[in-house]
Amino acid sequence: LTIGAGSNYWHSSLAMSSKGEAYKKFYPSGKDVTTIHTDYKYRHSIFSLYGEIAWQSSDAWAAMQAADFDLQGVQFTIGIRKFGRRYYDIMQNPFSRASHPGGESGLYMALAASPFKNTEILANVNIFSNSWLLYQKPAPTSGYKARFKITHSIDRRNNIALVVRHDDGEDADMDDKTEIARTKRSSFKESW
């Protein structure tokens, strides 16, 4: 078991402003932002648990909790995240879809397996929602992204891969900011 705590402090030469576009309503204001956080990691044989909770001087908070499982060649990860509307961190990009406030919450799951010799399966899904405007989208948004890839190595230089992707999310037309459209994108690719 490992437990940690820390603090970050940012100072900007120019004051940050939450004025202007509606999606900036919860941006930090002023020149200084302080974040205090605590985290832990626990590992036991086939699984590990880890997470972090952070509080920010802009009266904001964020939390992430995840677990990894390793069962004889099959790895599975599941993680949940919740960022308060005012939470702003340039380091949150790996865990969220955006690097600015917006009240994002989400669930991430990933699987890696090698069921046969020279064959690897990778799959993940990221389910997300934002409780506030995101960029030019005129309302809270939600959706998911799913990926699946199977690769078989014929020899050291040649392999066959099949990749399937599907994105399902809410998008706003940049010219018509009053309407939200549900966008679904799927792709299928094979390579030799």
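Trainee: To start, which loop is N118 found in?
Mentor: N118 sits in the loop between β6 and β7, and β7 covers 119-130. Keep in mind as we go that this is a predicted model.

Trainee: Noted. What is phi of N118 near?
Mentor: Phi of N118 is near 70°, which is a positive value in a residue other than glycine.

Trainee: What about Q72, what is its phi near?
Mentor: Phi of Q72 is near 45°, again a positive value in a residue other than glycine. Q72 belongs to the loop between β4 and β5.

Trainee: Is Q72 buried or exposed?
Mentor: Q72 is exposed, with a relative accessible area of 84%.

Trainee: Let me zoom out. How many helices and strands does the protein have?
Mentor: There are zero helices and ten strands. Along the sequence, the pattern reads β-β-β-β-β-β-β-β-β-β.

Trainee: What share of the residues is buried?
Mentor: Of the 192 residues in the protein, 29% are buried.

Trainee: On to charges. How many salt bridges does the count come to?
Mentor: The count comes to two salt bridges. One of them joins the side chains of R81 and E104, at 2.8 Å from N to O. That pair links distant parts of the chain, with R81 in strand β5 (residues 74-83) and E104 in strand β6 (residues 104-113), 23 residues apart.

Trainee: Are R81 and E104 buried or exposed?
Mentor: R81 is buried, and E104 is buried as well.

Trainee: Which side chains meet in the salt bridge with D167?
Mentor: D167 pairs with R147, and the N to O distance there is 2.8 Å. This pair also links distant parts of the chain: D167 is in strand β9 (residues 159-172) and R147 is in strand β8 (residues 141-153), 20 residues apart.

Trainee: Why does R147 count as partly exposed, and what is the relative accessible area of D167?
Mentor: R147 counts as partly exposed because its relative accessibility is 26%. D167 is buried, with a relative accessible area of 15%.

Trainee: Which residues form the positive surface patch?
Mentor: That patch is formed by K25, K82, R85 and R86. R85 is placed in the loop between β5 and β6, and at 35% relative accessibility R85 counts as partly exposed.

Trainee: How far apart in space are D59 and R86?
Mentor: D59 and R86 are 7.1 Å apart, C-alpha to C-alpha, while they are 27 residues apart in sequence. D59 lies in the loop between β3 (47-56) and β4 (60-71). D59 is exposed, with a relative accessible area of 61%.

Trainee: Switching to nonpolar side chains: which residues make the nonpolar surface patch?
Mentor: I46, F69, L71, V74 and L111 make it, and the patch is about 370 Å². L71 lies in strand β4 and counts as partly exposed at 47% relative accessibility. V74 lies in strand β5 and is partly exposed too, with a relative accessible area of 32%.

Trainee: How far is V74 from A113 in sequence and in space?
Mentor: V74 and A113 are 39 residues apart in sequence and 4.5 Å apart in space, C-alpha to C-alpha.

Trainee: Last topic, rings. How many aromatic pairs does the structure hold?
Mentor: The structure holds four aromatic pairs. One of them is Y42 with F47, at 6.3 Å centre to centre with 55° between the planes.

Trainee: Why is that pair called tilted?
Mentor: Planes under 30 degrees apart count as stacked and planes over 60 as edge-to-face, so anything in between is tilted. The Y42 and F47 planes have 55° between them.

Trainee: Which residues form the aromatic cluster?
Mentor: Y42, F47, F69 and F76 form one cluster. Y42 counts as partly exposed at 32% relative accessibility, and F47 is partly exposed with a relative accessible area of 23%.

Note on methods:
Residues numbered from 1 in each chain as written. Predicted model: local features only at pLDDT ≥ 70, side-chain atom pairs only at ≥ 80, totals over all residues. Heavy atoms only, no water. Phe/Tyr/Trp six-rings, centres within 6.5 Å; stacked < 30°, edge-to-face > 60°. Buried < 20%, exposed > 50% of the residue type's maximum accessible area, 1.4 Å probe, protein only. Salt bridge = Lys/Arg side-chain N within 4 Å of Asp/Glu carboxyl O. Helix = DSSP H or I, 4+ residues; strand = E, 2+ residues; numbered from the N terminus. Patch = residues over 30% accessible without salt bridge, like charges linked within 9 Å, V, L, I, M, F, W, Y side chains within 5 Å. Areas by Shrake-Rupley, 256 points an atom, 1.4 Å probe, with all protein chains shown as cover. Lys, Arg positive; Asp, Glu negative; His and termini not counted. Charge placed at Lys NZ, Arg CZ, Asp CG, Glu CD.
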